[in-house]
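Reader: Can you walk me through this model? I'll ask as I go.

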Amino acid sequence: MKPSIDQSLIVLAQELSERVAPLIDNEYELSRLKAWSALLLIASSINDDSADYLLTENKKIENLIEKYRIFLQENKFFKIYNLNLNKEDTSIKISSLKKINENLRTCFTAAHTLFEEEENIQALKDSWEVLSTMQMNQGVNRLVPLLQVNKD
Amino acid sequence: MQTFQEDLADKFAVYFTGLRKQPLGCKSIQRIFGGASRETYRIILEEDDGGEVNLILRMIQESSLIDTNQEVEYEAYSLFQNTNVPVPELIKMEQSSKYLGKPFIIMSEIEGQAASPFDKESYKPYQEEIGVQFWTILANITNFDISKINSDSHISMIQEDQNWKQQLDYWVKVIREDSIGVEPILEMAIRYLYKNNPKDSHQLVLVHGDYRSGNFLFKENIITGILDWEMTHLGDPLEDLAWALSSIWCWEEKNRPAYLVERNSALDIWEDATGLTIDEDSLFWWELFSCVKGLAIWISAGHEFQSGRNIDPINLFSAWMPGDIHSQAILDLMETRVSYL
């Protein structure tokens with residue numbers, strides 16, 4: 001088993017702030033380096049979960065649209081939007097999952113707009129759950145303390 | 001071989017010597033980190049007799065997040081020289097690129113430090129005193145007599161009615177131009193804002209445009225200068241208030257906006273000092289608008305970074321962190337309003 005990319009990024013961030021930063025006199029360049037170090041820490045904390053988050057979000061959107069297929073069909077939704085776009089690439093690369101996600105997010109936004117216009121209350125409640133999942137995966141609350149640690 | 005900064009220092013000393021008509025040499029030049037719309041330098045010039053002149057040089061960025069006009073910034077600072085809104089003393093605006101390679105503004109350096117808007121400890125132990133000043137100064141800006149603004153001003157003159165829509169249209173356009181992905185939470189907020197407009201205030205005021213924690217200097221318990229006026233425009237009195245209140249600037253203590261005084265106290269100070277009464281629904285609208293405006297700025301930052309035009313880490317940081325925070329802020333705000341939850 002090799003050391004992980006995440007661990008390597010954490011070590012790189014530490015090296016930059018503890019060994020390289022003290023060698024730099026220029027205040028601006030020092031701040032810039034420290035910012036990169038903080039960003040590496042953030043990257044290391046989100047990298048491992050990225051594929052899982054995308055898969056979860058994609059599934060949630062697909063399930064929502066499937067649940068309201070008849071409603072959406074009645075509103076000619078599928079004449080414009082295609083859930084299966086970009087799915088020819090079946091790999092679980094993050095870039096492939098992101099492409100699928102972009103299309104699904106476009107579909108979701110259109111469906112959500114339609115639910116609002118038609119005041120479909122249950123669909124709006126279900127859409128809110130999808131939005132909450134999207135946001136939960138951004139991990140904001142987890143990342144803010146990380147910045148505090150690195151502010152110096 | 002000279003570095004870019006040494007070369008800039010030499011050119012600046014020559015320029016300033018010409019301006020002051022007395023020989024001056026550059027003792028030090030230091031770029032200030034942060035801020036994405038201008039390159040800002042702290043410069044110390046030395047006079048023949050050993051005296052020092054401490055200056056701030058703000059140069060147009062070749063690639064900045066939002067297109068901002070140098071004349072607007074200069075004019076905004078001009079309006080508040082020697083008033084109850086502390087600002088640095090203006091020295092010169094140079095529109096030509098022939099001296100330093102880019103247009104620039106020179107100001108006197110004022111004492112004080114700027115804090116990170118994400119650090120809840122920044123103003124301790126003076127958060128109460130600074131808080132009273134912060135919200136009072138905002139009220140002073142709101143109270144500014146806009147009839148003093150010249151008719152040929154670069155500060156945008158907008159209609160009194162529907163100024164909310166002009167602002168919203170502007171930032172939505174930025175989002176449409178710079179988005180590198182679909183943001184369903186942001187889209188929901190945009191739809192809500194267009195459908196549920198705020199009351200027209202029928203009172204145009206001067207809006208700083210980026211009045212918040214981190215955009216002022218303070219020394220111990222005194223605010224010494226309000227900075228970053230490049231987004232100044234005329235608009236609704238609640239626009240600046242809502243931006244300053246935004247939870248992004250107090251994420252870990254949401255009831256203490258800007259990590260200063262508690263929200264209710266902040267609103268009381270502002271109402272007392274402006275004589276205006278806050279309409280809660282309108283303030284809600286402007287707070288949600290602040291999230292959309294914020295996301296537009298963060299999206300724009302991400303676009304700059306992704307395109308390679310400006311790989312300053314501040315742009316990557318802006319795209320990653322504040323963007324996520326403002327998305328969460330949208331959900332938090334909408335949760336209090338949508339009837340189906």
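Reader: Which residue does B:Leu90 stand opposite in S5(B)?
Author: B:Leu90 faces B:Met107 there. Keep in mind that this is a predicted model, where local features need pLDDT of at least 70, side-chain atom pairs count only at pLDDT 80 or more, and totals for chains, interfaces and linings use all residues. Residues are numbered from 1 along each chain as its sequence is written, and chains are lettered from A and ligands numbered from 1 in the order in which they are written.

Reader: How many bridges pair S4 with S5(B), and in which sense?
Author: Strand S4 (residues 90–94) of chain B pairs with S5(B) over four bridges, in the antiparallel sense. Two strands count as paired if DSSP finds at least two bridges between them. Strands themselves are DSSP runs (E, at least two residues), helices are H or I runs of at least four, and both are numbered from the N terminus.

Reader: And what joins S3 of chain B to S5(B)?
Author: Five bridges, with strand S3 (residues 52–60) of chain B and S5(B) running antiparallel. B:Leu55 has B:Ser108 in S5(B) as its bridge partner.

Reader: Is S5 of chain B mostly covered or uncovered?
Author: Mostly covered: of the five residues in strand S5 (residues 104–108) of chain B, four are buried. Buried means 20 or more other C-beta atoms within 10 Å of the residue's own, exposed means 12 or fewer, and partly exposed is in between, with C-beta atoms placed from the backbone.

Reader: What's the strand order in the whole sheet?
Author: S1-S2-S3-S5-S4 of chain B, an open sheet of five strands with antiparallel pairing. Strand S1 (24–32) and S4 of chain B are at the edges with a single partner strand each, so one side of each has no neighbour in the sheet. On average, neighbouring strands are turned by 20° against each other, direction ignored.

Reader: Which helices sit on that sheet?
Author: Helix H2 (residues 70–79) of chain B packs on the sheet and touches S3, S4 and S5 of chain B, its direction making about 160° with that of S4(B). Helix H1 (residues 4–20) of chain B lies across S1, strand S2 (38–47), S3 and S4 of chain B, at about 130° to S1(B). Axes are lines fitted to C-alpha atoms, for helices over the stretch in contact, and angles run from 0 to 180 degrees between N-to-C directions.

Reader: Pick B:Ile43. Why does it count as buried?
Author: Because B:Ile43 has 21 other C-beta atoms within 10 Å. B:Ile43 lies in strand S2 of chain B. Leaving aside neighbours within four places in sequence, B:Ile43 is in contact (C-beta atoms, placed from the backbone, within 7 Å) with B:Phe12, B:Cys26, B:Ile29, B:Leu55 and B:Leu57.

Reader: Which residues touch the most other members of the largest nonpolar core?
Author: B:Leu57, B:Leu138, B:Ala189, B:Leu288 and B:Val292, out of 114 residues in that core. Helix H8 (residues 280–307) of chain B gives the largest share, 13 residues. A nonpolar core here is a set of buried Ala, Val, Leu, Ile, Met, Phe, Trp, Tyr and Cys residues joined through C-beta atoms within 7 Å.

Reader: What does B:Val292 touch?
Author: Not counting residues up to four places away in sequence, B:Val292 touches B:Trp171, B:Leu186, B:Ala189, B:Ile190 and B:Leu193.

Reader: How is chain B divided into domains?
Author: Into domain 1 (4–108) and domain 2 (127–335), with bounds from an automatic or database domain assignment. Their centres, taken over C-alpha atoms, are separated by 26 Å. The contact between them takes 21 residues from domain 1 of chain B and 27 residues from domain 2 of chain B.

Reader: Switching topic: how many residues does each chain give to the A–B contact?
Author: Chain A gives 31 residues and chain B gives 29 residues. On chain A, the elements that give two or more residues are helix H2 (27–47), helix H6 (94–117), helix H7 (121–136) and helix H8 (140–149).

Reader: Last one: where is A:Leu104, and is it buried or exposed?
Author: A:Leu104 is found in helix H6 of chain A. A:Leu104 is buried, with 28 other C-beta atoms within 10 Å.

Conventions:
Two residues are in contact if their C-beta atoms, placed from the backbone, lie within 7 Å.
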